[in-house]
Amino acid sequence: MTSQTSCNDADAGYFVAQTGQLVQSACSPGTYQPATGQSSCLSADAGYFVQTSGSTAQTQCVVGTYQPITGRTSCNQASPGHYVDQTGQSSQTACLIGTFNPNYGSVSSADCVNANPGHYVDQPGQASETPCTSGTYNPSFGASSISSCIDSEPGYFVSLSGQSSQSICGLGTYQPSTGQTSCLDASPGYFVDNFGQSMQIECGLGTYQPLSGPSSCTDASEGRY
């Protein structure tokens, strides 16, 4: 009879953890082994992954993905508000304040877009922008603070949120205050005959006005506006 005179080294991608073994074991997903004759496998590094068993190498996470934990079988997509612009990364990069990104898997800082007029982004890593409240507006891109939202001026108003401009009060209306969402109708006995006015005008002697919101008064003698 012929006896075995030597043992075989475990192949790369495999290991033998105990003496006297008849077979070698494959490295499990998340681990790898580049060398032969080993008794254990190596965990994939952060920023890398191993998807299949019996692997001899780990794989870098591609741009747009990252992996903060060792021994993983896949990478994570960059979250909204973030991006990953290099391979083999263990973390994602947050978009700067004043910018936002609603998408997963972004690969560049260019994927972070400036806040639109009427909006702002006051924290890094945001997936959306915040609208200026009604009564305020913002004409600029890339605003990074709620203080960028400007109160409407007297004689003007902003009726909706997220606006890039204020609206002017029309004839027969006025607004004495800042930061308002509408204009006031001229009271009976008063009128407003120009746009963007901050006050109403009292009807003069010999005129009157019984209605709200007029742009002129009625001549008492003629009975007309």
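**Entry 1: Cys169 and Cys183**

I began with the link of Cys169 and Cys183, which is left-handed, with -85° about the S-S bond. The model is a predicted one. I looked up where the two cysteines sit: Cys169 is in the loop between strand E18 (167-168) and strand E19 (173-174), and Cys183 is in the loop between E19 and strand E20 (184-185), so the pair ties together parts that are 14 residues apart in sequence. The S to S distance of this disulfide is 1.9 Å. For Cys169 I noted a relative accessible area of 0%, so this residue is buried.

**Entry 2: Cys203 and Cys217**

Next I checked Cys203 and Cys217, which form a disulfide with sulfur atoms 1.8 Å apart. I read -80° about the S-S bond, and this link is left-handed. Cys203 lies in the loop between strand E22 (201-202) and strand E23 (207-208), while Cys217 lies in the loop between E23 and strand E24 (218-219), so the pair connects parts that are 14 residues apart in sequence. I looked up burial as well: Cys203 and Cys217 are both buried.

**Entry 3: Cys95 and Cys112**

I then turned to the disulfide that joins Cys95 to Cys112, where the S to S distance is 1.9 Å. The link of Cys95 and Cys112 is left-handed, at -70° about the S-S bond. I placed Cys95 in the loop between strand E10 (93-94) and strand E11 (99-100), and Cys112 in the loop between E11 and strand E12 (113-114), so this pair ties together parts that are 17 residues apart in sequence. Cys95 has a relative accessible area of 1% and is buried. Cys112 is buried too, with a relative accessible area of 12%.

**Entry 4: the whole set**

How many disulfides does a search of the whole structure find? I recorded six. I also wrote down how they pair: with the bonded cysteines of the chain numbered in sequence order, the pattern is 1-2, 3-4, 5-6, 7-8, 9-10, 11-12. Cys7 is in no disulfide, and the nearest cysteine sulfur, that of Cys41, is 19 Å away. A disulfide needs sulfur atoms within 2.5 Å. Is Cys7 buried or exposed? I found Cys7 exposed, with a relative accessible area of 73%.

**Entry 5: the largest pocket**

Cys7 came up again when I looked at the largest pocket. Its lining has 13 residues, and Cys7, Asn8, Val16, Gln21 and Leu22 lie nearest the centre. I noted about 340 Å³ of space in the largest pocket. By class, I recorded five nonpolar, seven polar and one charged residues in the lining of this pocket.

**Entry 6: Val84**

Val84 is buried, with a relative accessible area of 2%. Which residues does Val84 touch, not counting residues up to four places away in sequence? I listed Val63, Gly64, Thr65, Tyr66, Ala78, Gln89, Ser91, Gln92, Ser106 and Val107. I also took the separation from Gln21, one of the residues nearest the centre of the largest pocket. The C-alpha atoms of Val84 and Gln21 are separated by 45 Å, and the two residues are 63 residues apart along the chain.

Definitions and conventions:
Residues numbered from 1 in each chain as written. Predicted model: local features only at pLDDT ≥ 70, side-chain atom pairs only at ≥ 80, totals over all residues. Heavy atoms only, no water. Helix = DSSP H or I, 4+ residues; strand = E, 2+ residues; numbered from the N terminus. Buried < 20%, exposed > 50% of the residue type's maximum accessible area, 1.4 Å probe, protein only. Contact = heavy atoms within 4.5 Å. 1 Å grid on protein atoms, 1.4 Å probe; cavity = no way out; pocket = protein on both sides within 12 Å on 5 of 7 lines; lining within 4 Å. Points joined across faces, edges and corners; volume = space filled by probe spheres on them. Nonpolar A, V, L, I, M, F, W, Y, C, P; charged D, E, K, R; others polar.
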